[in-house]
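Please work through the following exercises with the sequence and the model at hand. Each task is followed by a solution that goes step by step.

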Amino acid sequence: MSSVPQSIYLFSTSILLLVSSLSIGHITSSYPLSQLGARPNGSTLLSWCTSQFLQQKGVVGYDVIQGAFSPWIRILLHTSLYIATWSFFLFLMECTSTDSPPLVTSFASTTILYGTIFFYNIKYGGAVSDPGNARSDKIRRKPQWTDVKTNFTQVFTNTSNTVKWRCAVAEDSHTVTKCRFGVSEDNNEKVNITGEPAGRQIWTTLQRKDEESKDESKLEEDAIMEMACGGREVGFNPSKNPNSCDQIFRAQQIKSYLSISPNHTLPCTKTKPNTPLEAAKKAIHFYSMLQTEDGHWAGDYGGPHFLMPGVIIAWYVMGRPDEMLDKHQCNMMMHYITVHQQTDGGWGTHIESPSTMFGTVLNYVALRLLDPHNKHTPVCQKARSFITEQGGAIMASSWAKFWLCLLGCMEWEGHNSVPPEMWLLPNWIPFHPGRLWCHCRMVYLPMGYLYGARFVYPNAETDALIASLREELYTEPYESIAWDQTRHLVAPMDNYSPIPWVMEFLQNCLALYERWFIFQPFKNWVRKKALKFSVEYMDAEDLSTNYIDIGPVNKALNMVSAYHAAGNNVKEPKVQKHMMRIPDYLWLAEDGMKMQGYNGSQCWDTSFAIQAVYECGLLDEFPDLSKKVWAYLERTQILSTEVSQDTPAFQGESALNRSKYYRHVSLGGWPFSTSAHGWPISDCTGEGLKGVLSLQHSRVVKESIQDGKLNDISMKRLYDAVNVLLMYQNEDGGWATYENNRGFGWYEQLNPSEVFGDIMIDYSYVECSMASLTGLVEFHEMYPDHRVDEISAAVRRGRDFMKSIQREDGSWYGSWACCFTYGCWFGIEGLIKAGELNTSPAIQRCCAFLLSKQRENGGWGEDFTSCYDKDYAMNGMKDYGDDGSGVVNTGWALLALSAAKCDDVEAIRKGVQYLMRRQLPCGDWPQEGIAGVFNRSCGITYTAYRNVFPIWALGRCVTTYGDALNEEVKEEK
């Protein structure tokens with residue numbers, strides 16, 4: 001009887017070790033809860049082990065917040081894999097030799113192979129957070145519009161008077177919402193709006209009593225409108241520029257500013273500034289007029305065209321409740337969609353995008369739902385022609401198809417499976433949805449629920465409009481479409497991220513799982529449990545965000561899910577609370593009403609703005625501005641005020657809840673928008689912290705705190721912010737957005753969206769890394785005794801990360817704005833703050849890159865194609881800028897170069913002169929091309945950027961270069 005080969009013993013040992021490691025990791029997942037999300041100190045696996053052993057830092061098993069096993073479990077898993085590899089070599093020797101193979105030889109072979117692969121991957125493996133080089137498949141088509149100017153105030157009237165809109169903020173906005181939903185002090189137990197009001201901004205036709213009685217005859221109406229228009233005529237003409245310049249809001253704020261005090265005056269438009277500092281001061285004067293009563297700056301954060309159709313479809317399938325969208329809002333939405341239609345009949349994915357099926361199908365459907373009688377209008381006829389030319393709605397991307405399925409205009413067999421059962425897998429499974437980037441995760445959570453429940457508009461089969469749409473959207477009869485064969489169809493214009501073959505194969509497998517009878521008993525049993533968990537998870541998200549939700553897509557989907565879970569009862573309290581928060585996402589500008597990419601960018605814009613004023617040295621010259629910003633930032637720190645802690649969101653901050661629902665720690669962070677939104681972000685926390693630290697240098701702010709006129713921000717609250725930043729740092733040394741990176745680079749092979757790039761995991765970004773790192777540095781400079789070693793280590797690792805993703809040409813790719821000038825500012829500033837010398841190769845290469853992109857007029861310019869193509873726009877901002885340059889890109893470039901103390905003073909001077917030439921007489925700057933971007937392929941609007949970054953750049957250049965800037969400016973004048 002032959003003996004059992006040694007390789008079998010080794011392989012069995014590896015399996016036993018693997019099973020034991022996974023079992024221990026599973027059983028001790030998130031234990032102890034007090035250490036959830038805490039990363040042991042160090043930068044290597046061995047140093048993490050030592051830190052965990054000596055300092056008792058980190059969980060014992062799998063940490064759902066980090067998306068990783070503890071260091072000790074990982075060592076056991078590596079050992080298991082090593083032994084399995086050893087057994088394989090030993091098996092090969094056993095098969096080729098009659099003699100007993102020496103264990104030493106096989107052990108040595110294994111060590112060499114395993115060690116080589118391991119260290120090669122560390123040294124040369126592509127960093128998962130590297131955004132990559134230029135795309136070969138670049139965008140070629142250009143959007144086109146008819147040269148027509150519209151002014152909606154002349155289009156929509158109620159009887160004889162124009163409808164008056166106003167932006168209500170903070171407590172006033174809550175009052176408006178309560179009035180709309182009939183909530184009073186006596187009946188607010190079941191339905192009420194919760195969360196900190198600060199920062200909330202909604203548009204309403206309900207006028208304030210104190211506003212109705214104001215005499216506006218003395219206000220300088222013509223001057224106000226001229227200032228509010230940003231150098232344009234009143235109205236909107238997308239053929240000139242499809243970006244709004246916020247005429248409606250800015251006019252309202254300027255009127256309000258003048259009416260508050262007789263001492264408030266408009267900036268003088270007859271004289272030009274003689275120095276950069278005078279230009280900055282005039283710009284701050286103008287921008288201070290736009291500050292809202294609670295201290296933040298509001299503005300248009302629209303741009304994407306695929307967002308508003310989602311909420312319109314949700315409104316329709318829920319029975320068109322008037323308290324959700326009234327006739328005035330519907331009119332403004334129709335106006336917005338109509339004026340953005342392009343000459344080919346389509347709509348882009350965003351306002352500067354050429355037409356896509358994604359944008360066109362959704363906006364066409366939205367128009368039809370808003371007005372069932374508009375089928376034969378020229379707008380709808382042109383849109384139908386575009387859709388037909390592309391092959392019908394079966395060629396739209398998957399997100400558009402999903403909305404069509406909910407509406408009853410497409411069968412569920414035409415959409416790939418979104419199985420909610422994935423949530424029931426063990427958290428440590430390599431592809432668990434809890435590892436996904438939170439925006440991706442929170443969209444596919446309600447998608448999974450609605451797909452699993454096969455929700456369809458309850459009246460779809462009897463609604464004449466749905467029957468008509470089934471005819472209008474397709475090139476063949478609806479009943480004859482072989483839906484299963486259309487699942488993978490997508491128009492080339494939508495296909496930014498083609499579905500890889502492996503994902504297509506898996507989707508085909510899931511299609512069999514969905515329909516083969518053999519799987520039905522198991523599927524029905526497990527799906528019931530999955531749907532139950534999905535509802536619980538959505539409830540947790542709703543409560544943690546006061547029913548705002550993380551973004552507009554999951555907002556609408558969560559609302560429809562709540563409606564379905566409530567038995568299609570629109571009066572159910574959860575559904576009512578959802579509808580109360582729809583206005584948070586809607587914004588009104590001269591192009592109509594749109595849905596924003598978030599509930600605003602309030603905290604982000606305000607944090608930048610106050611740092612700009614600080615670097616100009618003008619905090620105390622604008623005391624009201626500074627005090628109001630402090631009050632706003634104090635109220636906006638997440639879960640840190642009495643109001644925010646008196647909400648269900650604060651109860652959801654428990655470690656047990658965070659472990660169950662994959663939530664990073666929130667307490668002490670700052671948001672992108674409002675405290676009520678509830679999701680802290682690394683860069684927003686860093687910039688919010690720096691904003692607060694900047695204001696601590698203001699005499700008037702310190703005196704107001706001492707006098708009790710402003711609330712103080714305690715040291716504990718600052719420590720909470722630092723804790724959030726330290727916990728956000730990834731293993732690669734960088735910082736991601738909302739959470740630690742929990743997944744792997746290969747997840748993008750499973751990206752089902754088609755239209756977006758790099759959405760599957762939370763990558764480390766140069767922007768998030770700089771903001772977080774510099775926040776820690778500036779805190780440490782003012783409070784040097786708190787968590788000294790941890791902050792120093794975090795800064796050092798962050799610096800190394802930023803250098804690792806710098807491109808060979810010296811630039812950094814900007815993932816959240818357009819694009820390389822933005823990335824270079826963050827890259828240089830982060831390295832300089834981390835202690836990098838301005839003479840270092842990394843800094844000098846980036847300076848050389850920026851100087852090579854300066855245009856003849858002294859400015860810098862890029863457009864959205866830089867982001868989409870991952871390549872610097874050859875013609876700069878040709879379409880919507882000034883001879884290829886733009887004030888925002890120029891501001892970023894100057895911020896970067898002056899942070900590096902670039903010795904090419906002439907280039908700096910030319911850039912400063914460009915900003916001064918482009919400044920409007922009132923102190924504003926013109927709205928140019930779209931500034932923001934997300935997921936590589938979609939642009940988004942930041943109307944605040946045209947004010948904030950030129951101010952900041954001027955202030956920093958003055959501080960860095962002093963009088964060297966002024967003489968040439970005078971000579972030019």
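The exercises below treat domains, cavities, a helix residue and strand pairs in turn.

The model is a predicted one, in which local features need pLDDT of at least 70 and side-chain atom pairs count only at pLDDT 80 or more, while totals for chains, interfaces and linings use all residues. Residues are numbered from 1 along each chain as its sequence is written, and side-chain values use heavy atoms, with hydrogens and water left out.

**Exercise 1. State which domains the protein is assigned, and describe the contact of domain 1 with domain 2.**

Step one takes the bounds, which come from an automatic or database domain assignment: domain 1 covers 6-124, domain 2 covers 306-595 and domain 3 covers 602-962. Step two takes the centres over C-alpha atoms, and those of domain 1 and domain 2 are separated by 43 Å. The contact (heavy atoms within 4.5 Å) involves 6 residues from domain 1 and 4 residues from domain 2.

**Exercise 2. Find the volume of the largest cavity and say which residues lie nearest its centre.**

Begin with the term: on a 1 Å grid over the protein atoms alone, a cavity is a set of points where a 1.4 Å probe fits but cannot get out, and lining residues have an atom within 4 Å of a point. Grid points are joined across faces, edges and corners, and a volume is the space filled by probe spheres set on the points.

Under this rule there are 15 cavities of 30 Å³ or more, and the largest holds about 570 Å³. Its lining consists of 34 residues, with W437, H439, G597, W816 and F934 nearest the centre. Two or more lining residues come from each of α15 (438-453), α19 (552-565), α26 (682-695) and β11 (932-934), where helices (H or I, at least four residues) and strands (E, at least two) are DSSP runs numbered from the N terminus. The largest share, 4 residues, is given by α15. Domain 2 and domain 3 each supply at least three residues to this lining.

**Exercise 3. Decide whether V365 is buried or exposed, and list its contacts beyond its sequence neighbours.**

V365 belongs to helix α12, residues 357-370. V365 counts as buried because its relative accessibility is 1%, the cut-offs being under 20% relative accessible area for buried and over 50% for exposed, with partly exposed in between (1.4 Å probe, protein chains only). Leaving aside neighbours within four places in sequence, V365 contacts I313, L404, L407, L469 and L473.

**Exercise 4. Identify how β9 and β10 are joined, and which residue of β10 is the bridge partner of L588.**

Two strands pair if DSSP finds at least two bridges between them; β9 (residues 586-589) and β10 (residues 592-595) run antiparallel and are joined by 4 bridges. The bridge partner of L588 is M593, and the two strands form a hairpin with 2 residues between them. On β9, L586 and L588 lie on one side and W587 and A589 on the other, and all are buried.

How values were computed
1 Å grid on protein atoms, 1.4 Å probe; cavity = no way out; pocket = protein on both sides within 12 Å on 5 of 7 lines; lining within 4 Å.
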